[in-house]
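Here are my notes, as promised.

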Amino acid sequence: MALDAQGANTTDRAGLNGQAPRCEHIDQLPTVEPGLPECKECLALGRAWARLLVCLTCGWVACSDDARGGHSRTHYEETDHPVVATLASPSTWRWCYVHRRTV
Ligand SMILES: [Zn+2]
Ligand SMILES: [Zn+2]
Ligand SMILES: [Zn+2]
């Protein structure tokens with residue numbers, strides 16, 4: 001299993017000091033089917049997106065914070081669904097908005 005080789009920037013690893021709290025959100029995730037590989041918000045605005053993330057709570061697909069859209073964050077703010085993953089690759093990268101780090 002390839003470990004996280006995809007991410008161009010793997011900056012937000014939990015610190016080496018061991019103080020990062022464990023993310024309990026990943027324990028509560030259902031199995032979801034990701035939606036279509038597109039950001040509906042960007043489509044409505046006629047924008048391009050850089051990277052797509054999928055909400056692991058409901059399968060909602062939206063663009064990442066890399067671009068100006070940041071619609072996956074918008075989704076989190078509207079729904080409190082805390083964890084997203086990259087849609088494109090079978091990567092183990094997951095991001096928790098509550099803990100603001102990879103989990
Ligand atoms: Zn968390
Ligand atoms: Zn978007
Ligand atoms: Zn969601």
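Predicted model: local features only at pLDDT ≥ 70, side-chain atom pairs only at ≥ 80, totals over all residues.

1. Start with the zinc ion (ligand 1). Its donors are Cys23 (SG), His25 (ND1), Cys96 (SG) and His99 (ND1), sitting at 2.0 to 2.3 Å. The four donor atoms subtend angles of 105 to 114°, so the arrangement is tetrahedral.

2. Now look at where those donors come from. Along the sequence they are spaced C-x1-H-x70-C-x2-H. Cys23 is in the segment before α1 (40–45) and His99 is in the loop between β4 (94–96) and β5 (101–102), so this pair ties together parts 76 residues apart in sequence. Both Cys23 and His99 are buried.

3. Next, the zinc ion (ligand 3). Here the coordinating atoms belong to Cys55 (SG), Cys58 (SG), His75 (NE2) and His81 (ND1), again at 2.0 to 2.3 Å. This site is tetrahedral too, with angles of 105 to 113° among the four donor atoms. The donor spacing reads C-x2-C-x16-H-x5-H.

4. Is His81 buried or exposed? With a relative accessible area of 18%, His81 comes out as buried, because the cut-off for buried is under 20%. His75 is buried as well.

5. Stay with His81 for its surroundings. You'll find His81 in the loop between α2 (71–79) and β3 (83–86). Its side chain makes a polar contact of 3.2 Å with the side chain of His75. Leaving out residues up to four places away in sequence, His81 touches Cys55, Thr57, Cys58, His75, Tyr76 and Tyr97.

Key
Residues numbered from 1 in each chain as written. Chains lettered and ligands numbered in written order. Heavy atoms only, no water. Donors = N, O, S within 2.8 Å, 3.2 Å for Na, K, Ca; no water. Tetrahedral: all angles 85-135°; square planar, octahedral: opposite > 155°, others 65-115°. Helix = DSSP H or I, 4+ residues; strand = E, 2+ residues; numbered from the N terminus. Buried < 20%, exposed > 50% of the residue type's maximum accessible area, 1.4 Å probe, protein only. Polar contact = N/O pair within 3.5 Å; in protein donor to acceptor, adjacent residues only side chain to side chain. Contact = heavy atoms within 4.5 Å.
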